[in-house]
Amino acid sequence: MRGAQGDLLRLVAAGQAESRAELARMSGLAASSVSLRVEELIGTGLLVEEGAGTSRGGRRPRRLRLSPSAGVLAVADLGAHHARLGLLDLSGTPLVVEERPCDIALGPEATMDWIAASFEDLLLRHGPPGVPLRGVGTGIPGPVDPATGRVVAPSRMPGWNNFPVAERLGSHFDLPVLVENDANLMAAGEARSWPGRETLMVLKAGSGIGCGVIVNGALHRGRGAAGDISHVRVRSDSSVTCSCGHLDCLEAYASGAALMAVLGEQGIAVERPGDIVALVEDGVPEATALVRNAGRLIGEVLTVLVNFLNPDAIVVGGGLSSAEPLISAIRAAVYERCLPLATRDLEIAASRSGPDAALLGAGALLLDAVLA
Ligand SMILES: [Zn+2]
């Protein structure tokens, strides 16, 4: 029942439950299990109980609250050129989020040390006084082995292969450390925004392409590579060499980086995926055609996966996700080619958690690690 304490803490922190009875009802756990875990959470100082005692002759129910001094989590979502960094309280609510320029081409040592220094700076300027830091975590735009916390054969991250990212970040803090693929974090963050939808495919369409998979409400990592669709081969009339060295990977046609390269060749300057969205909104036909084609190619890959996994929803996040033609092209491809039973109740929609999805996911997974 790992994670159960985190779930209970989150229910209290979110104001959805304030008694053991409510926790039992909402979590589905037995009352005795809830009582045991609540006592443990009170013992560690994370939960406090208010209003104990009698009132007007009757016993007033005691109310559970997240302790205001329970702790904060420092989390980051690392991209190729920018990182989002934030402090969260233990309920996963952001206290502060900042975006800062960075450059992962500087290599893993410099980048991890920069993240650690940025966390220290955020704590100094925005950390609530007297509240301890309980854990640190970061998303990485490449494959991460969850058993070792090492990056494994990432494309477009020179010098990072086999680097012990978790160990390096942990060398700055004697605390639980979380290092996770960025699309997995985004999926874990989105999962809380889709009540009643237990199996999700969460596509990250940014500079790269990734996908996180939620099965029965929990992140499915496999051995670390689950959901990595970036190097699936796609059908195309032309032939493009991918950053991984193979021909015609999805990423080589449909990632933000690929679209930016094509637009650059056409003399249209763009610096980040959001610039492509702005071009589409301005009605620039080259950009709209490229985004629509990217959506079609992504949709064709997802077609296979939807028939195989039969998810409740495909959620599209990342810097390109607000480009409307991307999602409509994905929808068209999936609805045209998938089995009727697979699409009957399938929702295909843009992210509900927005640009902080990965930070929220990092907070949720890190809290589980802190409580473990
Ligand atoms: Zn490739």
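Let's start with a pair of helices: α8 passes α10 in a right-handed crossing. The residues behind that contact are Leu259, Val262 and Leu263 on the α8 side, and Glu286, Ala287, Leu290, Val291 and Ala294 on the α10 side. Seven of these residues are nonpolar, none is polar and one is charged. Please keep in mind, as we go, that this is a predicted model.

How do the two helices lie against each other? In general, two packed helices are described by the angle between their axes and the distance between the axes. Here α8 covers residues 256-265 and α10 covers residues 285-309. Their axes come within 11 Å and cross at roughly 150 degrees. The cut-off for roughly antiparallel is over 145 degrees, and so α8 is roughly antiparallel to α10.

Now, on to the sheet. Which strands make it up, and in what order? There are five of them, in an open sheet, and the order reads β7-β6-β5-β8-β11, with mixed pairing. At the edges you will find β7, residues 94-101, and β11, residues 177-181. Each of these has a single partner strand, so one side of each has no neighbour in the sheet. On average, and ignoring direction, neighbouring strands are turned by 15 degrees against each other.

Strand β5, residues 72-78, pairs with strand β6, residues 82-89, in the antiparallel sense, over seven bridges.

Helix α4, residues 108-126, lies across β5, β6, β7 and β8, and runs at about 45 degrees to β6. Helix α6, residues 182-191, lies across β5, β8 and β11, at about 100 degrees to β11.

The domain assignment gives domain 1 as 4-66, domain 2 as 72-187 + 357-371, and domain 3 as 194-351. The centres of domain 2 and domain 3, taken over C-alpha atoms, are separated by 24 Å.

Notes: Residues numbered from 1 in each chain as written. Predicted model: local features only at pLDDT ≥ 70, side-chain atom pairs only at ≥ 80, totals over all residues. Axes fitted to C-alpha atoms, helices over the stretch in contact; angles between N-to-C directions. Helix = DSSP H or I, 4+ residues; strand = E, 2+ residues; numbered from the N terminus. Parallel < 35°, antiparallel > 145°, perpendicular 65-115°, else oblique. Left-handed = near helix turned anticlockwise from the far one by under 90°. Contact = placed C-beta atoms within 7 Å. Nonpolar A, V, L, I, M, F, W, Y, C, P; charged D, E, K, R; others polar. Pairing = 2+ DSSP bridges. Domains from an automatic or database assignment.
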